[in-house]
Amino acid sequence: MPRRTRKYLAVSLALSLTGVLAGCSGAESADSDAIELEFWNPEADEAVISVLETMIEKYEAENPNVNVNLVTVPWSDIFTKWQAALQGGNAPDVTLGSAAFAASLQEQGVLLPLNDVVEAIGGEEAWADTASSLVELSKTPDGEYFALPYSTNSVVLWYNKPMFEAAGLQPPTTWDELEAAAAALTHDDQYGILIPSSKSYVTTQSLYSMILANGGDLVDRNDPDTVTFDAPEAVEALEFYSSLAQYSPPGAGGYDRPEAQAAMTTGKLGMFVYGSWMQGALEAAGADVAEQFGAVPVPSNGGAGAFMGNVSLYAFNTTEHPEEARDFLAYLLDPQAYEQFVLINPASFVPVIDAVHESETYQTNEKVVAAGELLAAVGTTLPDAWVFGLPNPHAGEWESLNLVAQAATAVIEQGEDPQAAATRIADEMRESIGN
Amino acid sequence: MTANAALRERPRAAGPRPDAGRGSHTRRRGRNGRRDLIVSVALLVPAAAVIVLLMGVPLATVVADSFTDRSFLRPVAEFVGLENYSELLGDPAFWQTLGRSLLWTGASVVLQIALGLAFAMLLNQRFRGRGLLRGLFLLPWVTPVVVVALIWKWMLNDLYGVINGLLGTVNPAWGDLAWFSDQSLALGTVIGVNVWRGVPFTMIILLAGLQSVPKELVEAASVDGAGRLRTFLNVTLPHLRGILLTVAMIFTMFNFNNFDLVYLGTRGGPADRTMILPVKTYDVAFNGLQVGEAGAWAVLTLITIALIAGIYFAYMRRAERKY
């Protein structure tokens, strides 16, 4: 073979191999002495990333032998990315995620026990009272922490103040009052309450809150493999929720989070059982819009609490640096560093560390003061609030499949009998547990 | 290699020198032929490697996964043979989704071509502002899908949509129509938006086709006393046949594989009334986390579209033979 051709062939093969190998090689540290910690974060908000970066910089300055590599993976992808990374043997060392995801990963046996971290931050007393539910859900029955609460929030009843004033109504505290208010506020071009029936998280979060308010749940908390979604309390809640749809705008069967939030800002809706995190959307629509809304705990019918949103911290037991991982987690919960995080958005990130929750800088912060009524409603709700479907480890799966929302769709949009719809969905849950 | 060297190299690579003897001729051709082969293989390797890596590997992975119970929830997958397929084929939801996909595709293609042809004929006439209008007509096609979906969802919202607002002034009940969430309206609405988006593209291609219809033929037909309809049916349409078939095939593929517009518009809802195969495949994989089952949905989608393409090709070949 002539030399030139041979050279070409070699170059060509080398080029294609380089491409292949580049895809296969892992990211090796250039500085072999430094300890690399990979830290995944699902909050894609620019403000959150920037605060986390600041926190990391300070940690690295205090611990020159550790490099923390922040990787942002959106909530919608993070569970599948963890699974792929676990299979590929390159799972992150530490991560932010939700308590439901943590329960599923704990079931797989891939999480690092974190009791040492709780000791390091001052033991059980370090947690705020508002975090009590979440703390309970972060431990095994034997008291072993597999996740650490990082911040929490809850669903509340949002109500349109000018509309309530015009009708001479007080914010409802019971289901009877809720229904009466919804009926009274529905006339002309306005609707009493937003009842989403789309196959979406909005529906899931709203309906699940009503189930808790009626004393029901998806599973028996003492025996998490027993599904109770078709028990009388849950079915009654599904029935009541569906009956309120007559006071809801006709398009609510297609509303996802953006449409639901936009609908609220039109001022044509009286109430909405939804998360405290909606504050951001209301503020984005203008201070005059945000001012119109008040918040109270979800009206009760014998039960208590509402859907709880949360951010939790955990570490994978595949990490090569468990000590450093634990140390970094303790740093993230250190009041000084932690306060920066919760102050990014107080309506979404309610502190779980008592020292921060009670601190003067937090309590007198401008944003915290402005959201006073909302945070009071969340504070009242939180001790009874619950993470969707926990402690069953399949809860995250059910949430991702929008199973509970599907029951609402079936009853409201297709006229299925509530008991039949609940039984059908409960059976799907049982089947997934059986797998 | 310098440019000169390349030029010197070319005659040698192109073939035997005319003065070469018989024996050396054969030998040289053999050697040259082998070298040509090696060079062409070497040239092909990078491109082939890219194609294999970027298309072949993912496709093979999907097919392989479809024979397993692979799930994002479990680290290990087990081979289950044809179980995913037999479950799907026995599930009425699969057939409903397939039927809906065919309806979505058929209605979209027919309307996109019919309206595209109508607008192409309009813009083929001479009138003031024709150039500007041709440009404006392209806007829906060049607008990103995510913007298209959001604009329409906004304009057609039952609470704050501008179209609903206008309709409401005519009849208050019309103002309350929930275009994207009413079960009887949702599929029609997404098809309508899809047609709105696709028409400019069919129009521009058919306009090019119309301009290639010989004017003499049209004039001759009118001299012979053929009316406008007759001229269109007997002169214009036969000339457009090839283009129409090609456009129909391309748009069948586009629409059948469409994911973004339906996903952004309705996510397959309400109550699965707009659930088409690609959206369902995504839903099973990334909401249901069942990669194996989603693989079976994807492979069955691929088989369906391959069958449709096969029918088109067979028809086109027959049509080519005929004319």
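Modeller: Chain B has 15 helices and zero strands, where helices (H or I, at least four residues) and strands (E, at least two) are DSSP runs numbered from the N terminus. This is a predicted model, in which local features need pLDDT of at least 70 and side-chain atom pairs count only at pLDDT 80 or more, while totals for chains, interfaces and linings use all residues. Residues are numbered from 1 along each chain as its sequence is written, with chains lettered from A and ligands numbered from 1 in the order in which they are written.

Colleague: How many residues does helix α4 of chain B have, and what span does it reach?

Modeller: The expected span of a helix is 1.5 Å times one less than its number of residues. Helix α4(B), residues 92-123, has 32 residues and reaches 46 Å between its first and last C-alpha, close to the expected 46 Å.

Colleague: Which residues of α4(B) are buried, and what covers them?

Modeller: A residue is buried if 20 or more other C-beta atoms lie within 10 Å of its own, exposed if 12 or fewer, and partly exposed in between, with C-beta atoms placed from the backbone. An α-helix has 3.6 residues a turn, so residues three or four places apart point the same way. The buried residues of α4(B) include Thr97(B), Ser101(B), Trp104(B), Thr105(B), Ser108(B), Gln112(B) and Phe119(B). Their cover includes α5 (130-137), α10 (186-211), α12 (228-256) and α14 (277-287) of chain B. Over the chain, buried residues make up 29% of the 323 residues in chain B.

Colleague: What does the UniProt record annotate in chain B?

Modeller: UniProt positions are given in the numbering used here, feature names are shortened, and annotations may be inferred rather than shown by experiment. The unreviewed entry places "transmembrane region" on several stretches of chain B, among them 37-64 and 294-315. Residues 37-64 of chain B are 100% helix and 0% strand, with end C-alpha atoms 33 Å apart. Residues 294-315 of chain B are likewise 100% helix and 0% strand, and their end C-alpha atoms are 32 Å apart. The unreviewed entry also gives "domain: ABC transmembrane type-1" for residues 98-312 of chain B; over that range the chain is 77% helix and 0% strand, with end C-alpha atoms 19 Å apart.

Colleague: Which domains does the assignment give in chain A and in chain B?

Modeller: Domain bounds come from an automatic or database domain assignment. Chain B is given domain 1 (3-65) and domain 2 (83-322), and 43 Å separate their C-alpha centres. Chain A is given domain 1 (35-152 + 309-383) and domain 2 (154-308 + 384-434), with C-alpha centres 27 Å apart. The contact between these domains of chain A takes 26 residues from each of them, two residues being in contact if their C-beta atoms, placed from the backbone, lie within 7 Å. On the domain 1 side of chain A, α4(A) gives the most, with seven residues.

Colleague: Which residues touch the most other members of the largest nonpolar core?

Modeller: A nonpolar core is a set of buried Ala, Val, Leu, Ile, Met, Phe, Trp, Tyr and Cys residues joined through C-beta atoms within 7 Å. The largest has 187 residues, and Leu148(A), Val156(A), Trp158(A), Leu238(A) and Leu329(A) touch the most other members. The largest share of this core, nine residues, comes from α10(B). Not counting residues up to four places away in sequence, Leu329(A) touches residues including Val94(A), Leu114(A) and Leu148(A).
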